[in-house]
Amino acid sequence: MSDRSPIPVVVNGAAGKMGREVVKAIAQAEDMMLVGAVDLAPSVLGQDSGEVAGCGPLEVPILNDLQGTLVLATQQPIQGVMVDFTHPDGVFENVRAALAYGVRPVVGTTGLSDEQLSELSDFAEKASTGAIVAPNFSIGVVLMQEAAVRAACYFDHIEIVELHHDRKADAPSGTAIKTAQMLSGFGKTYNPSVVNEREILPGARGALAGDNVRLHSVRLPGLIAHQEIIIGAPGQIYTLRHDTTDRAAFMPGVLLSIRKVTELKSLVYGLEKLL
Ligand SMILES: NC(=O)c1ccc[n+]([C@@H]2O[C@H](COP(=O)([O-])OP(=O)(O)OC[C@H]3O[C@@H](n4cnc5c(N)ncnc54)[C@H](O)[C@@H]3O)[C@@H](O)[C@H]2O)c1
């Protein structure tokens, strides 16, 4: 056991699918301590976050007051961290609030626009406070993205299909957009047309991101989070695929980010920058 104080962590969205998994992971991490749990769902207000997460009582009730909970995190021996897995509509304000209190955000919620990311980045820089925003905390996904970037040197036709459960609010997924961004900036335009293409139904050919990478979103009950990167060239198809079969897949990346964010003084976007 280390003689350093454990990192105080607030989980925002503690009753959600990801939030519950994060509460469990923090309860098991010796170098972290859950000091606050926040969620806006009225049905869980006041309930023990550990009981809601299914890992037994932790004596940290779920509250609906983020600001008050952030204050708690500032009263600890070392600077606290806020993990946010909430909703695209609220994440920007949550992160701003955490930075204003000097609590370091680790953000998994997707849907932040480029403008919002850049504003949060400026805010973190000015506050000299670390922050991590990662559209995907799965290390397997980062490795898949890196393999695609390597392939991009040799191939010009790349389309991404992302498949998620039907309760996902944003499309395309933050991971798909991030993958397209990682594939861009190499001085090429992907998917040059070889015919005069006509979309009979709008959207049939997907959305364009980065340097013309095509993105397609599938939403179905039964899915969790899946992504295929399909790379084509005359005579060959190279397919990279990652399947998340359990949300536990994201936890090593989340815990790594909680540890790393305490060493940062600005905002880092993407788990790949921490590996
Ligand atoms: N980065 C990653 O690796 C990763 C992985 C999975 C999901 N996600 C993203 O995380 C987010 C949450 O996903 P989920 O599957 O856990 O969703 P969920 O709907 O199961 O959980 C969200 C929880 O947040 C609560 N909530 C909503 N707005 C809030 C707010 N403003 N303040 C406090 N609580 C609020 C809801 O009541 C709910 O309990 C989504 O944006 C999803 O795309 C990211």
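A polar contact is a pair of N or O atoms within 3.5 Å; within protein, one must be able to donate a hydrogen and the other to accept it. In this predicted model, such a pair is found at the start of helix α6, where a side-chain oxygen of Ser138 reaches to within 3.3 Å of the backbone nitrogen of Gly140.

Helix α6 covers residues 139–152 and lies across β7 (157–164), β10 (225–233) and β11. Its direction is at about 165° to that of β11. The length of α6 agrees with expectation, because 14 residues at 1.5 Å a residue should span 20 Å and the end C-alpha atoms are 20 Å apart. The buried residues of α6 are Val141, Val142, Met144, Gln145, Ala148, Ala151 and Ala152. Their cover includes β7, β10 and β11, together with α7 (174–182).

Strands β7, β10 and β11 belong to an open sheet of 5 strands. The strand order is β8-β9-β7-β10-β11, and the pairing is mixed.

Helix α3 spans residues 66–74, and its buried residues are Leu66, Thr69, Leu70 and Ala73. These residues cover an arc of only 105° around the axis, so they lie on the same side of α3. An α-helix has 3.6 residues a turn, so residues three or four places apart point the same way. Cover for the buried residues of α3 comes from elements including β1 (7–12), β2 (32–38), β3 (62–63), β4 (81–84) and α4 (91–100). At the start of α3, a side-chain oxygen of Asp65 reaches to within 3.4 Å of the backbone nitrogen of Gln67.

Arg104 lies in strand β5, residues 104–107. Its relative accessibility is 6%, so Arg104 counts as buried, the cut-off being under 20%. The side chain of Arg104 makes a polar contact with the side chain of Gln79, at 2.2 Å. Beyond residues up to four places away in sequence, Arg104 touches Gln79, Gly80, Val81 and Met82, as well as Thr129 and Gly130. Val261, Thr262, Glu263 and Leu264 are also among the residues touched by Arg104. Arg104 and Gly253 are 149 residues apart in sequence, with their C-alpha atoms 16 Å apart in space.

Notes:
Residues numbered from 1 in each chain as written. Predicted model: local features only at pLDDT ≥ 70, side-chain atom pairs only at ≥ 80, totals over all residues. Heavy atoms only, no water. Helix = DSSP H or I, 4+ residues; strand = E, 2+ residues; numbered from the N terminus. Buried < 20%, exposed > 50% of the residue type's maximum accessible area, 1.4 Å probe, protein only. Contact = heavy atoms within 4.5 Å. Arc of directions from axis to C-beta. Pairing = 2+ DSSP bridges. Axes fitted to C-alpha atoms, helices over the stretch in contact; angles between N-to-C directions. Expected span 1.5 Å × (residues − 1).
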